[in-house]
Amino acid sequence: MKKHFLLLGTLFAWLCVTVQPTAAAGKTGGQAIAYIDLQYILKNLPQYESANDQINLISKRWQKEIETADQEAKVLVANYQTEQIFLSEKMKKEREKEILDKENEVLELKRKYFGESGELFKKREALLKPIQDEIYTAVQDVANEQFIQIVKDRSSDPSLIYLSNKLDISDAVLEKLGAK
């Protein structure tokens, strides 16, 4: 008898947990879960394209600066190798130090611009964070308007096999952002 009550209690608790979100969604006329396609949204935002273009230009400029310094280091090494037999020990040490300084300069530039918390990271953060915040706010607004409890990004969900277009609110988010 106790087993039956325990089984019924467990079944009742499970039903409460699984049926409650569905019932709440039904009462409000909305759905419990929706998806966005963040890649699609970003592709349709002109400010994102503009920010990406700025990041690419800056990145190319910094890469060129690094390549120029690296080429200078290679020239120093090549010159040293051809002139090495004619140099005194003192001059060899000076040239080796010059080469080492130039190679360290290249490494420092790489770290400064492209390192973990380098200039590119900071620039990307400064340009893209406001756009991400806008998207987050728009998603939140659409979710509240449509009584959606969960919004997932379909472009980053590898377990997603099928998605009904009815659950995709990407266009509503773009509309809220003033795009399209």
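E108 and R111 form a salt bridge, with their closest N and O atoms 2.5 Å apart. Both residues lie in helix α4. They sit 3 residues apart, about one turn of the helix. E108 is partly exposed, with a relative accessible area of 39%. The model is predicted.

## Other salt bridges

The count of salt bridges comes to 10. One of them joins E83 and R95, whose closest N and O atoms are 2.5 Å apart. This pair links distant parts of the chain. E83 is in helix α3 and R95 is in helix α4, 12 residues apart. E83 counts as partly exposed, at 30% relative accessibility. R95 is partly exposed too, at 26%.

Salt bridges also form a network that links E72, K102 and E105.

## Helix α5: span and bend

Helix α5 covers residues 119–145, 27 residues in total. From first C-alpha to last, α5 reaches 39 Å, close to the 39 Å expected. The helix bends by about 35° at L128. A proline, P130, follows within four residues. After α5 comes F147, whose phi is positive, near 55°.

Which residues of α5 are buried? They are L120, L127, L128, I131, I135, A138, V139, V142 and A143. Their cover includes the helices α2, α3, α4 and α6.

K129 is partly exposed, at 35% relative accessible area. D133 is partly exposed as well, at 37%.

Key
Residues numbered from 1 in each chain as written. Predicted model: local features only at pLDDT ≥ 70, side-chain atom pairs only at ≥ 80, totals over all residues. Heavy atoms only, no water. Helix = DSSP H or I, 4+ residues; strand = E, 2+ residues; numbered from the N terminus. Expected span 1.5 Å × (residues − 1). Bend = angle between axes of the 7 residues up to and from the residue. Buried < 20%, exposed > 50% of the residue type's maximum accessible area, 1.4 Å probe, protein only. Contact = heavy atoms within 4.5 Å. Salt bridge = Lys/Arg side-chain N within 4 Å of Asp/Glu carboxyl O.
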